[in-house]
Amino acid sequence: MNIVADPIDRYLLDNFQRDLPLVPQPFAVLAEALSIPEEDVLARLSRMRQSGRITRVGATLAPNTISASTLAAVAAPAEEVDEVAAIIGAERGVNHSYEREGHWNLWFVVTGPDRAYVDAAIRRIEANTGLRVMDLRLVRPFNVDLGFRMDGGEAPGVPPVPRPADTSVIAEGDRDLLQALTRGLAFVERPFARLGAELGRDEDEVLARIALLHASGIISRLGVIVRHRALGWRSNAMVVWDLPSDRINHAGPVLAAQPGVTLCYERNPVAGVWPYRLYSMIHARSRLEALKHLANAASLPELRGVPHKALFSTRCFKQTGAMITAKPEVAA
């Protein structure tokens with residue numbers, strides 16, 4: 001089955017989730033590949049953003065390189081979930097917030113320009129909700145390059161193995177540039193020129209900096225960022241595995257390559273509260289499909305018999321780009 005019926009829309013979504021051409025007119029390159037006018041590509045992307053099928057055409061960044069982030073959770077009383085979620089979502093640095101099944105039922109990602117900002121945001125959330133925040137810091141990623149195929153198959157292409165980011169290339173002005181890219185490019189003929197004008201930089205400089213930041217591993221993906229729920233992946237589970245750190249060396253890469261697993265990484269446990277170190281996300285079109293993917297993963301030699309939990313998402317409260325700079329946002 002095709003989740004996106006229009007073949008041109010499907011091609012745009014399947015083939016440009018990464019490696020957007022770094023040229024003055026990238027949408028013209030997409031148009032040439034499709035043998036349609038550039039204005040048609042721009043109109044289609046605009047329509048898909050307005051309908052909620054895509055969030056933006058822009059960048060995702062390697063975690064904890066130019067900014068800081070952590071995964072966190074609280075155990076909110078059932079009758080207070082909406083109220084607590086609103087408090088969490090009001091924190092500007094929170095860029096993802098979900099309700100999941102289980103005792104720890106509200107999960108969110110806190111981002112900021114540095115770890116001190118993230119820590120302060122966590123303290124504010126604890127003070128404003130009266131709840132303990134479980135802080136689950138990233139140790140290492142195995143696959144954070146999320147992608148989806150519109151025919152319901154596996155992610156387009158083979159996600160690259162996470163590479164060490166070379167932060168020595170970061171220069172003055174890069175934070176503002178990357179923050180703008182996480183908000184998304186304008187759907188105009190020369191989006192990098194428009195971006196440069198907003199930042200007081202010329203088009204060639206903007207293109208050169210983006211190319212360097214991408215080559216250095218700070219930008220992990222540049223392209224169409226889809227909204228998976230709107231495109232049919234409505235059954236999503238975060239699966240946590242209680243595995244010693246020394247066994248994760250072998251299990252992590254194998255799990256990351258498993259069909260149906262869209263994200264995979266190691267995080268620090270919380271002593272006496274949360275023993276799980278290995279995390280994987282499964283995005284599927286139905287709960288049954290997700291459970292089949294989980295059963296296949298659990299049967300791997302590296303994971304056979306390992307205690308684990310599948311925490312299915314029930315609601316999404318917030319989904320935006322990461323916070324890189326604490327400067328006030330400027331309306332587009």
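Reader: Hello! Which residue with a positive phi follows helix H3?
Author: Welcome! The model is predicted: local features need pLDDT of at least 70 and side-chain atom pairs count only at pLDDT 80 or more, whereas totals for chains, interfaces and linings use all residues. Residues are numbered from 1 along each chain as its sequence is written, and side-chain values use heavy atoms, with hydrogens and water left out. After H3, with a phi near 90°, comes Gly52.

Reader: Which elements are included in the cover over the buried residues of H3?
Author: Buried means under 20% relative accessible area, exposed means over 50%, and partly exposed is in between, using a 1.4 Å probe and protein chains only. Among the buried residues of H3 are Val41, Leu42 and Leu45. Contact here means heavy atoms within 4.5 Å. The cover includes H1, H2, S1 and S7.

Reader: How many bridges pair S1 with strand S7?
Author: Two strands pair if DSSP finds at least two bridges between them. S1 is mostly covered, with 8 of its 8 residues buried, and within this pairing Thr60 stands opposite Arg221. The two strands are antiparallel, and their bridges number 7.

Reader: What separates the C-alpha atoms of Arg53 and Arg227?
Author: Arg53 sits in the loop between H3 and S1, and it counts as partly exposed because its relative accessibility is 26%. Along the chain, Arg53 and Arg227 are 174 residues apart, yet the distance between their C-alpha atoms is 5.3 Å.

Reader: Which strands stand at the edges of the open sheet of 9 strands?
Author: The order is S5-S2-S4-S3-S11-S8-S10-S9-S6, with antiparallel pairing. Each edge strand has a single partner, so one of its sides lacks a neighbour in the sheet; these strands are S5 and S6.

Reader: At about what angle does helix H4 run to S11?
Author: Axes are lines fitted to C-alpha atoms, for helices over the stretch in contact, and angles run from 0 to 180 degrees between N-to-C directions. H4, residues 81-90, lies across S2, S3, S4 and S11. Its angle to S11 is about 65°.

Reader: With which side chain does Glu99 make a polar contact?
Author: A polar contact is a pair of N or O atoms within 3.5 Å; within protein, one must be able to donate a hydrogen and the other to accept it, and residues adjacent in sequence count only if both atoms are side-chain atoms. Glu99 lies in S3 and is buried, because its relative accessible area is 15%. At 2.8 Å, its side-chain partner is Arg315.

Reader: And which side chain makes a polar contact with that of His283?
Author: His283 belongs to S10 and is buried, because its relative accessible area is 7%. The contact spans 2.6 Å, and the partner is Thr262.

Reader: Is Asp19 buried or exposed?
Author: Asp19 lies in the loop between H1 and H2, and its phi is positive, about 65°, although it is not a glycine. Because its relative accessibility is 52%, Asp19 counts as exposed.

Definitions and conventions. Helices (H or I, at least four residues) and strands (E, at least two) are DSSP runs, numbered from the N terminus.
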